[in-house]
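Try each task before reading its solution.

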Amino acid sequence: MTPDYPTARPTDASQLEDQPALPTELLNLPWIDPHNHAHTLSWEDRERYALSGCRSMVMVASGYHWTPYKPARASDIRFLWDDALNRRAAIERNHFFEAKLGLGVHTGVRIENPDELLAAMDDYAALDEVVAIGETGMTPSQHVEAWALDEQRGVVQAQMELARDHDLPVILHTPNTGTASKRHYRDGLGTPGYEKNPGMGTEPVLDGENPELEAVRLDIEAAHDAGLPERRVVASHADGNNTAYLMDETDCYLSYTIGHSWLVGVDAADVANAIDEYGPERIMVDTDCANVLRTDPYALKRAIFELYRYGIDPEAIRRVVYENPRDVFGLADA
Ligand SMILES: [Zn+2]
């Protein structure tokens, strides 16, 4: 029964029956971003994480975007680790969310002396602040100078061995196939929204029909050789090209990156489809927000509402945005 309304003439209000219950618990649901580069963002962007209910995050320091010299040297990457370590506690004190670190060696740019870096990494991995190794993983082609496949493989596997020794999860940077854009941009300008000089990509070291998927297969092979259990691998940038393989043939976690959907073509609808098909047990959502990309610190909070609208129940949403990253990275326990 709808009440009688004193409106001058009938409005929709008098015809609304059987309204759905609204998921008010989602308004305050804590969430965890298990892969971002928030230490490179503005103070205001980090505040946006806090304002929208972020409980914990893993700030990843490994990317070559922030090393000016290419090819890079071990000391360049180590500076990134030290910068993140230096600022981490101040970030927590400013915003109240838990900010932990992922440290790793990315393979998007060749590093001249990676052994020096890997030798230093053991002591970093022992720190309480460090909750993950990565992001890393095989990259089909590099920026500026190619990195031979077997050398990349050695660097990735060595990091996985360190992760095994320290019982840490590894965040993989799985390559994406991207979106089918309607039109190419003018030569020489690059992609707006992604600060990367165009025309410096090298010839691929991994080709064939599906190099993006082949890279992930090689990563899993490296994990096996390193003795790292598949359950300790979080494949970030999961997408339509690698989901079936990772779900059907491995026990890895899949983290869907939704902070720059315009670039990778993955959004909450893809996450909802994956939950429908495989269940929420091995699924997470991350933003990958970074200052070199057009990214959205509110993306994960928005995805919480979108997942509900797409028919996912609140328990499953809580599982993918909070419980899974909490348990895998050992976060939010205080
Ligand atoms: Zn990233």
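**Exercise 1.** Find which residues line the second largest pocket of this predicted model, and work out which helix gives the most to that lining.

*Solution.* Start with the lining: I258, G259, S261, D267, A268, D296, A299, R302, A303, E306 and Y310. Then turn to the helices: α9 (residues 299-309) gives the most, with 4 residues. Finally, the space in this pocket comes to about 190 Å³.

**Exercise 2.** Classify the ring pair of Y49 and F97, and decide whether each residue is buried or exposed.

*Solution.* A search of the whole structure turns up 3 aromatic pairs. For Y49 and F97, the ring centres are 6.4 Å apart and the planes stand at 65 degrees, so this pair is edge-to-face. Y49 belongs to helix α1 (residues 43-51) and F97 to the loop between α2 (74-95) and β3 (98-103), so the pair ties together parts 48 residues apart in sequence. Y49 is buried at 0% relative accessibility, and F97 is buried at 2%.

**Exercise 3.** Do likewise for W81 and Y124.

*Solution.* This pair is edge-to-face, with 4.9 Å from centre to centre and 65 degrees between the planes. W81 sits in helix α2 and Y124 in helix α3 (residues 114-125), so distant parts of the chain, 43 residues apart, are linked. Buried means under 20% relative accessible area: W81 has 0% and Y124 has 9%, so both count as buried.

Key:
Residues numbered from 1 in each chain as written. Predicted model: local features only at pLDDT ≥ 70, side-chain atom pairs only at ≥ 80, totals over all residues. Heavy atoms only, no water. 1 Å grid on protein atoms, 1.4 Å probe; cavity = no way out; pocket = protein on both sides within 12 Å on 5 of 7 lines; lining within 4 Å. Points joined across faces, edges and corners; volume = space filled by probe spheres on them. Helix = DSSP H or I, 4+ residues; strand = E, 2+ residues; numbered from the N terminus. Phe/Tyr/Trp six-rings, centres within 6.5 Å; stacked < 30°, edge-to-face > 60°. Buried < 20%, exposed > 50% of the residue type's maximum accessible area, 1.4 Å probe, protein only.
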